[in-house]
Amino acid sequence: MKNDSSTQITKEDILGCVSKDISFQKSLYSKTYPKMMAASYRLCSKDRELSEDLLQDAYIKIFKNIHQIKLEDFNSIAAYAWCKRVLTNTIYDYCRKQKINPTDSIEESKLEFTTSAEINESDYCEHKSLNASDIVSAMQVLSPQYRLVFEMYLIDGYSHKEISKKLGIGEGTSKSNLHKAKAKVKQELSNMLKVNL
């Protein structure tokens, strides 16, 4: 599949934004908005107003700090990932300030988790016939606390240590939530396969 150049962030976009050129800021905004809005909406538990507000805050931070993007060996995908990381940090910071901690419902003292119980990626091989929208649908069965850790670890690339600091929880809680979330998603994907047979 060919990349659509009209949606790819370019080095010129970044340089233009660094020099505060409004035409390049508009270009970057139009190229990233659809995916960024979808991510914000998902991370804000489908609260449209909140997701729009926090996305606006994220764009302010993006344009203020865009000089941090490394231009040596520039990569459009890495530039988008940097923008998305600013968005996720904005949302997690908001949750922390509002004392919204979706993982509070799990007490660390009640956890029985061992790293040996971690699900291997090979466990998902039977689900190769499913597509991305099936996986997104399967994630909807997760409770907010599980979905947040699942997305931070597997989608946004945070380590358990980083998740622990961002959400104010222990690393054990983060690992346990991920383990349980993976098991629930795997079960839901299996259910989808049975329905489609």
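**View 1. Aromatic pairs in the predicted model.** Four aromatic pairs turn up when the whole structure is searched. The model is predicted. One of the pairs is formed by Tyr29 and Tyr59, with ring centres 4.8 Å apart and planes at 55 degrees, a tilted arrangement. Tyr29 belongs to helix H2 and Tyr59 to helix H3 (residues 48-65), so this pair ties together parts that are 30 residues apart in sequence. Tyr29 has a relative accessibility of 38% and therefore counts as partly exposed. Tyr59, at 5% relative accessibility, counts as buried.

**View 2. The pair Tyr59 and Phe63 within helix H3.** The rings of Tyr59 and Phe63 are stacked, at 6.1 Å centre to centre and with 25 degrees between the planes. The angle counts as stacked because it falls under 30 degrees. Tyr59 and Phe63 are four residues apart in helix H3, which means a separation of about one helical turn. Both residues are buried. Through ring pairs, Tyr29, Tyr33, Tyr59 and Phe63 are linked into a cluster.

**View 3. The contact of helix H2 with helix H4.** Helix H2 spans residues 22-43 and helix H4 spans residues 76-97; their axes come within 10 Å and cross at roughly 30 degrees. H2 and H4 are therefore roughly parallel to each other, since angles under 35 degrees count as roughly parallel. The crossing of H2 and H4 is right-handed. On the H2 side the contact is made by Thr32, Lys35, Met36, Ala39, Ser40, Arg42 and Leu43, and on the H4 side by Tyr80, Cys83, Lys84, Leu87, Thr88, Ile91 and Tyr92. By type, the residues of this contact comprise eight nonpolar, three polar and three charged.

**View 4. Surroundings of Thr90.** Thr90 is a residue of helix H4. Its relative accessible area is 4%, so Thr90 is buried. Leaving aside residues up to four places away in sequence, Thr90 touches Leu54, Asp57, Ala58 and Lys61.

**View 5. Lys20 in the loop between H1 and H2.** Lys20 sits in the loop that lies between helix H1 (11-18) and H2. Although Lys20 is not a glycine, its phi is positive, at about 60 degrees. With 61% relative accessibility, Lys20 counts as exposed, because the cut-off for exposed is over 50%.

**View 6. Asp73 in the loop between H3 and H4.** The loop between H3 and H4 contains Asp73. Asp73, also not a glycine, has a positive phi of about 50 degrees. The relative accessible area of Asp73 is 77%, so the residue is exposed.

**View 7. His67 and Leu15.** His67 is located in the loop between H3 and H4. At 52% relative accessibility, His67 counts as exposed. The C-alpha atoms of His67 and Leu15 are 8.1 Å apart in space, while the two residues are 52 residues apart in sequence.

Conventions:
Residues are numbered from 1 along each chain as its sequence is written. This is a predicted model: local features need pLDDT of at least 70, side-chain atom pairs count only at pLDDT 80 or more; totals for chains, interfaces and linings use all residues. Side-chain values use heavy atoms; hydrogens and water are left out. Axes are lines fitted to C-alpha atoms, for helices over the stretch in contact, and angles run from 0 to 180 degrees between N-to-C directions. Helices (H or I, at least four residues) and strands (E, at least two) are DSSP runs, numbered from the N terminus. Angles under 35 degrees count as roughly parallel, over 145 as roughly antiparallel, 65 to 115 as roughly perpendicular and the rest as oblique. A crossing is left-handed if the near helix is turned anticlockwise from the far one by less than a right angle, and right-handed if clockwise. Contact means heavy atoms within 4.5 Å. Ala, Val, Leu, Ile, Met, Phe, Trp, Tyr, Cys and Pro count as nonpolar, Asp, Glu, Lys and Arg as charged, and the others, Gly among them, as polar. Rings of Phe, Tyr and Trp (its six-membered ring) pair if their centres lie within 6.5 Å; planes under 30 degrees apart count as stacked, over 60 as edge-to-face and the rest as tilted. Buried means under 20% relative accessible area, exposed over 50%, partly exposed in between (1.4 Å probe, protein chains only).
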